[in-house]
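Please take a look at the model below. The report covers its ligand site, its strands, a helix and some backbone details.

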Amino acid sequence: MNPLQRKDLEFHWHPAVHMKSLEKYPPFVVRRASGCFIEGIDGRKVIDGISSWWCKSLGHNHPRLKAALIEQVSQFEHVIGATTTNETIIALSEKLVKLFPGMSKAFYAGDGSSAIEIALKMSLHSRINRGEHKRTKFLALAQGYHGETCGALSVSHLETFKSVYSPILFDCIVLQGIPYLNGSSDPLWNDCSAYWDSIEETLEKNSDSVTALILEPIVQGAGNMRMYSQDFLGKLRAWTKAHNIHLIADEIMTGLGRTGKMFACEHAKITPDFICLSKGLTSGWVPFSAVLTTNDIYDCFYDAAPAQMNPGKETFYHSHTYTGNVLGARLALETLTILSNDFNWSLLDEKASYMLRSLYDVAHETDVLTNIRGIGMIAAADIKDHLYTFEKMEKMIHAAFQGGALLRPLGKTIYWLPPLIIENPEIDHLREITKRALLSVF
Ligand SMILES: Cc1ncc(COP(=O)(O)O)c(C=O)c1O
């Protein structure tokens, strides 16, 4: 351990890591990062195989994003969002709602979990304003993950994150029996009828008391990169619409190119009532998030609301200090401009296929992986049950890091979720390091 690492462990409590394990595997001390690579103070470069918790969609230190940030910071860096506006936030809001036909308004927050809290609160609040007082519950998918503030955790289903906090969380109705698959060539992708009846039964039982169904469209990230049928997503949307239930699409991980389309909802050609975005929205430059919604929701907070509106409830109180922070907004605007005007989407498809084939190669050459799956720029596989132990996985992560790749498996699932700008030779690099790390441990 070097002196900086020692000092770090003395004063810095890291998130989502068992602190004692950092004595054995000390944190990498970063000096700079560029493209797909992170460089340490010792000059060592590691490829960012997980886009630094799934956010660095355009890679590190993108020159256009850096220029945009510098230009913005030279003008002003933050002004209260409640009663001021500026050209940047106006342009971003217009761009966001026009990117997703059917959306009409953009509301901002600082991180993904806050965006989820906002969507949950807006849905519930809109019911109160409409006099639909019975609609107070939320539906969510088994294995879903929506963040770690209390509301977001309540609608998440992963025990690892929530069990300790259950005394302060609210109940949520969980939908089981999701038609999982390994990619869009599975027949389930286009027809999940065999699964639908039992799911519809649970839905129907709760249809009068629910305000919204929340889900991660197509790929459940923290739930071990599980992928499911676009037909299922389409059926859920049709059902929610028919039963006056809102659909909240948590596109915090899937949004902005990750699944091969700008939004994962596009796979099922659906328009939800709320879309939550963060992570790739600024290409991971600063904490920033957005909730897009429809005029139908917005209007029931507006002055000219229906007669049954509850007086005094028109204002949506979610008064984040940094709402609409202009540095985040400028970075988001530039990210969206790059993605919508200057990004090669057909090349992305080719890269996605290449990456998945590469993971198949790793599986073939190591014989330790099963359930290989991929959609867009996400490729995942599970360590075979009889081989997996937590300790071995920890060793594998370390071996990969020593070999030059940052990986962060989820339980027994290893995955690649690199910056969208990754090139095929960098995928080869990731493949070789992953293969060697797996062979050295399993
Ligand atoms: C699908 C999804 N929703 C919400 C969140 C929470 O975002 P944040 O960590 O910015 O609060 C995450 C984070 O990983 C996520 O993957």
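Buried means under 20% relative accessible area, exposed means over 50%, and partly exposed is in between, with a 1.4 Å probe and protein chains only as cover. T315 has 41% relative accessibility, so this residue counts as partly exposed. T315 is found in the loop between helix 11 (295–299) and helix 12. Helices (H or I, at least four residues) and strands (E, at least two) are DSSP runs, numbered from the N terminus. The C-alpha atom of T315 is separated by 43 Å from that of G183, and the two residues are 132 apart along the chain.

This is a predicted model, where local features need pLDDT of at least 70, side-chain atom pairs count only at pLDDT 80 or more, and totals for chains, interfaces and linings use all residues. Residues are numbered from 1 along each chain as its sequence is written, and side-chain values use heavy atoms, with hydrogens and water left out.

**Ligand site**

Which residues are around the ligand? They are W54, D111, G112, S113, Y145, H146, G147, E216, D250, I252, M253 and K279. A residue is near a molecule if one of its heavy atoms lies within 4 Å of it. The shell divides into 4 nonpolar, 4 polar and 4 charged residues. Here Ala, Val, Leu, Ile, Met, Phe, Trp, Tyr, Cys and Pro count as nonpolar, Asp, Glu, Lys and Arg as charged, and the others, Gly among them, as polar.

| Side chain | Ligand atom | Distance |
|---|---|---|
| S113 | oxygen | 2.6 Å |
| D250 | nitrogen | 2.7 Å |
| K279 | oxygen | 2.9 Å |

On its own, the ligand has 390 Å² of accessible area, and the protein covers 83% of that. Accessible areas come from the Shrake-Rupley method with a 1.4 Å probe; for residues, only the protein chains shown count as cover.

**Strands**

Two strands pair if DSSP finds at least two bridges between them. An open sheet is formed by 3 strands in the order 7-10-9, with antiparallel pairing. Its edge strands are strand 7 (180–181) and strand 9 (219–220), each pairing on one side only. Strand 7 is joined to strand 10 (residues 226–228) by 2 bridges. There, Y180 stands opposite Y228. N224 lies in the loop between strand 9 and strand 10. This residue is not a glycine, yet its phi is positive, about 65°.

Strand 2 (residues 37–40) pairs with strand 3 (residues 45–48) in the antiparallel sense over 3 bridges. F37 stands opposite I47. Their hairpin has 4 residues between the strands, and G43 takes a positive phi near 85°. Strand 3 also pairs with strand 16 (residues 405–406), in the parallel sense over 2 bridges. In that pairing D48 stands opposite L406.

**Helices**

S52 is placed in helix 3 (residues 51–54). Its phi is near 45°, a positive value in a residue other than glycine. S52 counts as partly exposed because its relative accessibility is 25%.

Helix 12 (residues 326–341) has 16 residues. How many of its residues are buried? The count is 14 of 16, and the helix is mostly covered.

Key:
A polar contact is a pair of N or O atoms within 3.5 Å; within protein, one must be able to donate a hydrogen and the other to accept it, and residues adjacent in sequence count only if both atoms are side-chain atoms. The expected span of a helix is 1.5 Å times one less than its number of residues.
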